[in-house]
Amino acid sequence: MSGQRRHIGVAERRARLAVGQRLVKAARAGSPEEVGGSLVALHGTDPASVYLAVGARLMDATRVVPEMERALYEDRTLIRMHGMRQTVFVFPTELVPVVHASTGLAVAARARAALVKDMARVGAPDARWLAEVETSTLAALARRGEVTAAELAREEPRLREQFAYAPGKSYEGVHTVSSRLLRVLGAEGRVVRGRPLGSWTSTQFRWAAAPPCAELPVDEAQAELIRRWLAACGPATEADLKWWTGWKVSDVRRALGAVGAVTVSVDEGVAYVLADAVEPVAAVEPWAALLPGLDPTAMGWQERDWYCPPGLRPALFDRSGNIGPTVWWDGRIVGGWAQRPDGEIVWRLPAAEDGDRDAEGVGGEGVGGEALDAIGAEADRLRSWMGATRVTPRFRTPLERELASA
């Protein structure tokens, strides 16, 4: 190659995305564990999005709910926990020590310091008092198994104590000790979320003591996380990696060196792939997908122009940068979808409005009859396994609201 970096263009990046993210039919998975292993992390802030993300990638989507229940709550092959950027994710269980050491320890330290500071600012009890409550709470979990925060508070009444958060600010609120302390303990890897109180769409979870977790050196864990992520998402820029991990640039660079990442070029500039992923990949058959809000593919990169046209973003993102439900065609986002109160799955492509089956697509890329037929089939597939379940995204976006209420 005469010392020149190989350039990976948009078409090849989309082909890699299709296979690595298990979105093309030929790459669909047989189990939630296969999906989790391929994607590294499933956004768990909205519990329903985890099921929807897995369902979009399974060969037999009709089995997604019982299979996810098995993986999350019976076999415990998938674990819901805090990870990168203080966000809740669902990870393969074997990755728990990696996430804990590479990311969780730093997140937990910040979360604990913030809790002590917030309590001290409003004259709440000191750190010694908090340590007593913490010890009592963990002992109650060991006795009781999976319990709700309210049930824990009956065992340890001090968990009900309240303190003001951000007094005098526009976002001032009141926090209970239980909500903040359990979040800290979760980030520290000492408690995990158990079964929800309701269905798979519920946002209220029971809590349980975390299983034992191997202690890994931070450098080793960071290298393994980067290796896994590049296998799923490479090529990626340094900015992508820093954003996704929430690490310092120095940590990202050290991990890239540890895994022997190879530099290539993409339209945004220098990017990285694993050494065994430098060679060109074959094109894939055209594919369609309906992905949920916060889907790990849609949220996988900071620099998104190659798969998400800037003109679509105002309709698809909320003000905090959370993406809503998206419609994909052949490696790029072409629209959005929603579920109406009667269960109907509706979608809109700004690239092909008003039923124009030959409309010119976003960014000059066509969205014709083949795309519309494939997207319609995916909508039918989604509707068939969701049945009577109704899902409203936790973070609602302009297009999703419009479609859901139409």
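Trainee: What makes the space of about 150 Å³ a cavity?

Mentor: This is a predicted model, and in it the largest cavity holds about 150 Å³ of space. The term cavity is used because a 1.4 Å probe fits at its points but cannot get out. The lining consists of 18 residues, and those nearest the centre are Leu-52, Gly-293, Pro-325, Val-391 and Pro-393.

Trainee: How many cavities of 30 Å³ or more does a search of the whole structure find?

Mentor: The search finds four cavities at that cut-off.

Trainee: What makes one residue of the second largest cavity's lining polar, beside seven nonpolar and two charged?

Mentor: Gly counts as polar, whereas Glu and Arg count as charged, so the lining of the second largest cavity divides into seven nonpolar, one polar and two charged residues.

Trainee: Why are H3 and H13 called oblique to each other?

Mentor: The axes of H3 and H13 cross at roughly 125° and come within 11 Å. Roughly perpendicular ends at 115 degrees and roughly antiparallel requires over 145, so an angle between these limits counts as oblique. H3 and H13 are therefore oblique, and their crossing is right-handed.

Trainee: Which residues make the contact of H3 with H13?

Mentor: Tyr-51, Leu-52 and Gly-55 of H3 meet Arg-381, Leu-382, Trp-385 and Met-386 of H13. Five of the contact residues are nonpolar, one is polar and one is charged.

Trainee: Why is the pair H3 and H4 also described as oblique?

Mentor: Helix H3, residues 47–55, and helix H4, residues 64–74, pack at an angle of about 120°, with their axes 10 Å apart. That angle is set against the limits of 115 and 145 degrees, and the result is that H3 and H4 are therefore oblique to each other. The crossing of H3 and H4 is right-handed. In H3 the residues concerned are Val-50, Tyr-51, Val-54 and Gly-55, which meet Val-64, Val-65, Met-68, Glu-69, Leu-72 and Tyr-73 in H4. They divide into eight nonpolar, one polar and one charged.

Trainee: What makes the space of about 1000 Å³ a pocket?

Mentor: A pocket is an open set of points with protein on both sides within 12 Å along at least five of seven lines, whereas the probe cannot get out of a cavity. The largest pocket has about 1000 Å³ of space. Of its 36 lining residues, His-82, Val-88, Arg-183, Arg-193 and Arg-394 are the closest to the centre. Among the elements that give two or more residues are strand E2 (78–82), helix H5 (96–121) and helix H8 (177–187). The largest share, six residues, comes from H8. The lining has 14 nonpolar, 14 polar and eight charged residues.

Trainee: Where does the largest share of the second largest pocket's lining come from?

Mentor: H1 provides that share, with six residues. The second largest pocket has about 250 Å³ of space, and of the 21 residues that line it, the closest to its centre are Arg-16, Leu-230, Ala-231, Ala-232 and Gly-234. Helix H1 (10–20) and helix H9 (218–233) each supply at least two lining residues. By class, the lining of the second largest pocket has 16 nonpolar, two polar and three charged residues.

Trainee: Is the peptide bond from Gly-234 to Pro-235 cis or trans?

Mentor: That bond is cis, with omega near 5°. Pro-235 lies in the loop between H9 and helix H10 (238–245).

Conventions. Residues are numbered from 1 along each chain as its sequence is written. This is a predicted model: local features need pLDDT of at least 70, side-chain atom pairs count only at pLDDT 80 or more; totals for chains, interfaces and linings use all residues. Side-chain values use heavy atoms; hydrogens and water are left out. Axes are lines fitted to C-alpha atoms, for helices over the stretch in contact, and angles run from 0 to 180 degrees between N-to-C directions. Helices (H or I, at least four residues) and strands (E, at least two) are DSSP runs, numbered from the N terminus. Angles under 35 degrees count as roughly parallel, over 145 as roughly antiparallel, 65 to 115 as roughly perpendicular and the rest as oblique. A crossing is left-handed if the near helix is turned anticlockwise from the far one by less than a right angle, and right-handed if clockwise. Contact means heavy atoms within 4.5 Å. On a 1 Å grid over the protein atoms alone, a cavity is a set of points where a 1.4 Å probe fits but cannot get out, and a pocket is an open set with protein on both sides within 12 Å along at least five of seven lines; lining residues have an atom within 4 Å of a point. Grid points are joined across faces, edges and corners, and a volume is the space filled by probe spheres set on the points.
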